[in-house]
Amino acid sequence: MNFNIGDVVAPKDSYFDNAYREGITPSLHRNRVYKVADTSPRAVHLEGEGIYFSGHFETISENTSSEATVEKAIQYKFNEPDYFKELEQYVDSTYSQHYASKGVQTAELIFADAQRGLHYTLSNIVKYADRFGKKDGKNRQDLLKIAHYTIHALHCLDKLEDNNG
């Protein structure tokens, strides 16, 4: 596919399929678009991202400013936007609970050491997964806690990778 400098492109599913097949974590995001900085017959250089095989991209629009935010339409199959919103509301509510009222949550002290924080969050994921259905029945709060601890684990993992990279 031929692109022009300034085109706004989005990765096709083939980009992600190839990355996963090769055991590589994709560096681009499925629901974002990117601006073409330079092109060659088989490659496209994306602004701030690097060079990729041009066959893995499709044009979204042409000559859109780099500040423009354009999202690909995703056809969610499992009501994910509703669950993201519910999770966001749950996370927001934790910042007004009693253990957050003094300005520093205990978890922040634990996460000061990212390795310790990662172990802590993974332990809590296991704890809430194990007790699901046992305490207060099929408690939705336990699933939200698992999702919140997963976010904490991602935060700790990113801190570890930043320190090692």
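Which residues does aspartate 142 touch, not counting residues up to four places away in sequence? Select aspartate 142 and find Tyr128, Arg131, Phe132 and Lys135 around it. Keep that view for later. The tour returns to it after a look at the whole chain.

**The whole chain**

Color by confidence. This is a predicted model, and the protein chain has a mean pLDDT of 84, with 85% of residues at 70 or more. Now select residues 62-70. The pLDDT is below 50 over this stretch. Beyond near neighbours in sequence, residues 62-70 make 14 contacts in the model. Among the elements, strand β5 (residues 57-61) has the lowest mean pLDDT, 83. Helix α4 (residues 114-131) has the highest, 95.

Switch to cartoon. There are five helices and five strands. Trace the chain along the sequence and the order reads β-α-β-β-β-β-α-α-α-α. Color by burial next: of the 165 residues, 31% count as buried. Of the contacts with a separation of 6 or more, 57% are between residues 24 or more positions apart.

**The strands**

Select β1 (residues 8-11) and β2 (residues 34-39). They pair in the antiparallel sense over two bridges. Pick valine 9; its bridge partner in β2 is tyrosine 34.

Pick two pairs here. Threonine 39 has valine 44 as its bridge partner in β3. Valine 36 stands opposite leucine 46 in β3.

**The nonpolar cores**

Show side chains for Phe3, Val9, Tyr15, Phe16, Leu28, Tyr34, Val36, Val44, Leu46, Tyr52 and Phe57. These eleven residues make up the largest nonpolar core. Helix α1 (13-21), β2 and β3 each give two or more residues to this core.

Center on valine 44. What is valine 44 in contact with, leaving aside its neighbours within four places in sequence? The list is Phe3, Val36, Asp38, Thr39, Gly50, Ile51, Tyr52, Ser54 and Phe57.

A second, separate core has eight residues. Select four of them to locate it: Ile110, Ala114, Cys156 and Leu160.

**Helix α4**

Select residues 114-131. α4 has 18 residues. From first C-alpha to last it reaches 26 Å, close to the 26 Å expected at 1.5 Å a residue.

Go to the start of the helix. A side-chain oxygen of aspartate 113 comes within 3.0 Å of the backbone nitrogen of glutamine 115. Now go past the other end. Glycine 133 follows α4, with a positive phi near 90 degrees.

Which residues of α4 are buried? Select Ala114, Gly117, Leu118, Thr121, Asn124, Ile125, Tyr128 and Arg131. Keep Thr121, Tyr128 and Arg131 displayed for the next stop.

**Helix α5**

Return to aspartate 142, which is found in helix α5. Is aspartate 142 buried or exposed? Its relative accessible area is 0%, so aspartate 142 counts as buried. Draw a distance to the side chain of arginine 131: a polar contact of 2.9 Å joins the two side chains.

Move along α5 (residues 140-164) to histidine 152. With a relative accessible area of 17%, histidine 152 falls under the 20% cut-off and therefore is buried. Not counting residues up to four places away in sequence, histidine 152 touches Phe111 and Thr121. Check the C-alpha distance to phenylalanine 111.

Is isoleucine 151 buried or partly exposed? Its relative accessible area is 42%, so isoleucine 151 is partly exposed. From its C-alpha to that of threonine 121 is 8.9 Å, across 30 residues of sequence.

Conventions:
Residues are numbered from 1 along each chain as its sequence is written. This is a predicted model: local features need pLDDT of at least 70, side-chain atom pairs count only at pLDDT 80 or more; totals for chains, interfaces and linings use all residues. Side-chain values use heavy atoms; hydrogens and water are left out. pLDDT is the predictor's confidence in each residue, from 0 to 100. Helices (H or I, at least four residues) and strands (E, at least two) are DSSP runs, numbered from the N terminus. Contact means heavy atoms within 4.5 Å. Two strands pair if DSSP finds at least two bridges between them. Buried means under 20% relative accessible area, exposed over 50%, partly exposed in between (1.4 Å probe, protein chains only). A polar contact is a pair of N or O atoms within 3.5 Å; within protein, one must be able to donate a hydrogen and the other to accept it, and residues adjacent in sequence count only if both atoms are side-chain atoms. A nonpolar core is a set of buried Ala, Val, Leu, Ile, Met, Phe, Trp, Tyr and Cys residues joined through side-chain atoms within 4.5 Å. The expected span of a helix is 1.5 Å times one less than its number of residues.
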